[in-house]
Amino acid sequence: MKKSEVVSHIFHGHIPKTAKHEKGLGYAPTNIALCKYWGKRDTELNLPHTSSLSIALPDKGSMTTLTLNDKSSETIILNDKEIALDSVFAQRTKAFLDLFRANQKWYLKININMNIPVAAGLASSASGFASLVCALNDLFDWKLHKNDLSILARLGSGSAARSLWTGFVEWHAGVRPDGMDSFGEPLAFEWPELCVGILTMSSDEKPISSREAMQTTVNSSLLYNSWPRKVSQDLSIIKQALQVKNFALLAGTAESNALAMHATMLSSWPPICYFLPETIAAMHKVWDARKQGLQLYFTEDAGPNLKLLFLKEDTARVQALFPEVEIIRLFDQV
Ligand code: DP6
């Protein structure tokens with residue numbers, strides 16, 4: 001099935017043509033998966049093999065502002081700089097807009113402000129596509145349900161399906177070939193004591209995109225066969241840990257899930273390794289600190305940066321260990 005068919009299905013064949021407001025605004029937070037999405041059952045629709053679960057970073061994300069452009073092409077401004085229309089970022093954005101444009105003749109001025117490094121494994125595409133979908137919903141007054149916005153965001157980037165909400169979100173893999181049952185669902189857990197700290201080893205663009213890495217893994221790693229079983233165990237443990245607020249169980253499972261994902265990449269051919277020497281050194285520091293009794297864990301996505309997981313009461317100890325850590329607010333913390 002094609003992306004355009006999914007879009008047409010959501011709009012019952014009638015995609016609104018006229019902007020209803022002068023401006024369309026959309027903000028979406030980035031999200032960090034505690035149980036990862038890794039591997040697709042449908043590469044066109046970004047349908048995953050497994051469900052996944054994330055926590056949003058509410059203050060780290062993308063703000064998209066849309067206005068109609070008087071030129072017959074898009075203008076894309078990313079963090080106050082106009083970007084070339086032949087860049088990968090612009091091409092992906094344009095291809096996404098084409099899904100809604102069909103053969104209509106509107107073009108947009110797209111202003112995106114992201115306060116996260118682009119393409120450094122901090123889910124910039126997730127918040128980018130989710131905010132773009134919210135801004136389109138506003139501009140054209142689609143009045144779509146959030147499940148549909150999540151499905152549309154997924155067509156841009158899989159993990160964007162989880163960026164429509166704050167807090168914990170589960171993205172259901174779904175079983176339908178058209179993916180109409182594959183969208184995010186916010187989970188009603190709050191955990192104000194939970195903290196995420198970002199350890200940035202590098203903000204450079206990653207050598208291989210998560211999209212390509214995921215595909216190489218699915219196609220070549222024998223270990224990938226065990227990934228769905230690992231995810232199904234981890235998902236149920238994480239949900240149980242959320243229920244009873246067991247931090248060591250939650251964060252330990254998240255760390256193990258991330259390492260298992262990286263193991264599938266290391267066992268791919270050609271091998272994929274996002275670890276930098278600094279990443280490994282930081283992991284050892286975390287493990288040593290844990291031996292000393294500090295409840296500190298990490299997760300890592302398709303990039304060299306670590307996201308530390310710890311409780312608020314341990315903030316000073318974590319900062320002493322990693323003075324460069326950037327601590328992120330997750331809930332309205334007291
Ligand atoms: C490691 O959502 O960027 O961050 O669907 O191809 O756009 P595409 O992939 P993307 O992959 C994210 C992978 C991950 C894990 C996760 O966020 O669950």
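Where is Asp-141 found? Asp-141 sits in the loop between α3 (124-139) and α4, where helices (H or I, at least four residues) are DSSP runs numbered from the N terminus. The model you are looking at is predicted: local features need pLDDT of at least 70, side-chain atom pairs count only at pLDDT 80 or more, and totals for chains, interfaces and linings use all residues. Residues are numbered from 1 along each chain as its sequence is written, and side-chain values use heavy atoms, with hydrogens and water left out.

Most residues other than glycine have a negative phi, and most peptide bonds are trans. Asp-141, although not a glycine, has a positive phi of about 55 degrees. Have a look, too, at the peptide bond from Trp-269 to Pro-270, which is cis with omega near -5 degrees. Pro-270 belongs to the loop between α7 (247-266) and α8 (277-291).

**How α1 and α4 pack**

Helix α1 (residues 3-10) and helix α4 (residues 146-156) have axes that come within 11 Å and cross at roughly 165 degrees. Here axes are lines fitted to C-alpha atoms, for helices over the stretch in contact, with angles running from 0 to 180 degrees between N-to-C directions. That angle makes α1 roughly antiparallel to α4, a term for angles over 145 degrees. The crossing of the pair is left-handed, meaning that the near helix is turned anticlockwise from the far one by less than a right angle.

On the α1 side, Lys-3, Val-6, Val-7 and Ile-10 meet Asp-148, Ile-151, Leu-152 and Leu-155 of α4; contact means heavy atoms within 4.5 Å. These residues divide into 6 nonpolar, no polar and 2 charged, with Val, Leu and Ile counted as nonpolar and Asp and Lys as charged.

**Around the ligand**

There are 18 residues around the ligand, of which Tyr-37, Lys-40, Ser-157, Gly-158 and Ser-159 come nearest; a residue qualifies if one of its heavy atoms lies within 4 Å. An N or O atom in the Tyr-37 side chain is 2.6 Å from an oxygen atom of the ligand. For Lys-40, a polar side-chain atom lies 2.6 Å from a ligand oxygen atom, and for Asp-301 the corresponding distance is 3.4 Å.

**Lys-230 and its partners**

Lys-230 lies in helix α6 (residues 227-244). Its side chain makes a polar contact with the side chain of Ser-256 (2.6 Å); such a contact is a pair of N or O atoms within 3.5 Å, and within protein one must be able to donate a hydrogen and the other to accept it, while residues adjacent in sequence count only if both atoms are side-chain atoms. Leaving aside neighbours within four places in sequence, Lys-230 is in contact with Ser-256, Asn-257 and Ala-260.

Definitions and conventions: Helix = DSSP H or I, 4+ residues; strand = E, 2+ residues; numbered from the N terminus. Parallel < 35°, antiparallel > 145°, perpendicular 65-115°, else oblique.
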